[in-house]
Amino acid sequence: LEVFNSCNIFSPSFRVSLRSIEPLNYSIVDLSHPMQGGKTDKIYNQAAVMDSIPYSRVFYHAFPGAVIMHRGRKYRIDSMESPPPFVGGATFGPCSCSNLCAFAKPTTVQYSTQALSL
C-alpha cells in the first residue's frame with residue numbers, strides 16, 4: 001500500500017498555477033532583504049520575493065517608478081527585466097524559466113501609484 005505524498009513533485013498543483021494561466025510572471029523582489037543585498041541581476045534568496053504578478057498586469061501595477069504597497073509598507077519599483085520579444089515557452093531571464101524580475105526598494109514617500117482605468 002502506497003501512501004499519497006502531498007509534497008510529491010509530480011502532483012498537478014506544482015505544475016499549474018491557481019492564480020494565472022499565463023506562461024510568464026514577474027517576481028517582485030525586495031532589494032532591502034539581507035540575502036538579496038541590493039543586487040539586481042537575479043534572485044539570490046526566495047525569501048526576498050514579495051509577490052508574483054502575471055505578465056499582463058505588471059505594466060499597470062509594478063512599472064519602473066511605481067510605488068506599491070506590500071504588507072503595510074511602501075516600495076518603489078527600481079528596475080525590471082525587459083520582457084522577451086516572444087512569449088512562448090522558451091527559457092529566458094535569470095530568475096527562472098518562466099519568471100522575470102522587478103526589483104523594489106522600501107520608500108517613505110507619502111503617495112502610491114495606481115493604474116488608470118480607461
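**Entry 1: the sheet**

I begin with a definition: two strands pair if DSSP finds at least two bridges between them. With that in hand I looked up Ile 28, and I found that it stands opposite Asp 51 in strand 2. I note here that I am working with a predicted model.

I then asked how the strands are arranged, and I found that 5 strands form an open sheet in the order 2-1-5-4-3, with mixed pairing. The edge strands are strand 2 and strand 3 (67–70), each of which pairs on one side only, and the twist from one strand to the next averages 40°.

Going through the pairs, I noted that strand 1 and strand 2 run antiparallel and are joined by 5 bridges. Strand 1 also pairs with strand 5, here in the parallel sense and over 6 bridges, and within strand 5 the bridge partner of Asn 25 is Asn 99. Strand 3 and strand 4 pair in the antiparallel sense over 4 bridges, and Val 67 has Arg 76 in strand 4 as its bridge partner.

**Entry 2: strand 1**

How many residues of strand 1 are buried? I found that 6 of the 6 are, so the strand is largely enclosed by the rest of the structure. I also checked which way the side chains go: Asn 25, Ser 27 and Val 29 point one way from strand 1, Tyr 26, Ile 28 and Asp 30 point the other way, and all of them are buried.

**Entry 3: aromatic rings**

Tyr 55 is partly exposed, its relative accessible area being 25%. Taken together, Tyr 26, Tyr 55 and Phe 59 are linked by ring pairs into a cluster.

Elsewhere I noted a charge over a ring, for the charged end of Lys 39 sits over the ring of Tyr 44, at 4.7 Å from its centre.

In soluble globular proteins, nonpolar side chains tend to be buried together. Looking for such groups here, I found that the largest nonpolar core has 15 residues, and that those with the most contacts inside it are Tyr 26, Ile 28, Val 58, Ala 62, Ile 77, Ala 102 and Ala 104. Which strands supply at least two residues of this core? I listed strand 1, strand 2 (49–54), strand 4 (73–80) and strand 5 (99–106).

There is also a second, separate core of 6 residues, which includes Ile 43, Ala 48, Cys 101 and Phe 103. Ile 43 and Cys 101 are 58 residues apart along the chain, yet their C-alpha atoms are separated by 7.9 Å.

**Entry 4: two loop residues**

His 33 is found in the loop between strand 1 and strand 2, and at 19% relative accessibility it counts as buried, because the cut-off for buried is under 20%. Setting aside its neighbours within four places in sequence, I found His 33 in contact with Ala 47 and Ala 48.

My last check concerned backbone angles. Most residues other than glycine have a negative phi. Arg 71, although it is not a glycine, has a positive phi of about 50°. Arg 71 lies in the loop between strand 3 and strand 4, and at 79% relative accessibility it counts as exposed.

Technical notes:
Residues numbered from 1 in each chain as written. Predicted model: local features only at pLDDT ≥ 70, side-chain atom pairs only at ≥ 80, totals over all residues. Heavy atoms only, no water. Buried < 20%, exposed > 50% of the residue type's maximum accessible area, 1.4 Å probe, protein only. Phe/Tyr/Trp six-rings, centres within 6.5 Å; stacked < 30°, edge-to-face > 60°. Lys NZ or Arg CZ within 6 Å of the ring centre and 35° of its normal. Core = buried A, V, L, I, M, F, W, Y, C linked by side-chain atoms within 4.5 Å. Axes fitted to C-alpha atoms, helices over the stretch in contact; angles between N-to-C directions. Contact = heavy atoms within 4.5 Å.
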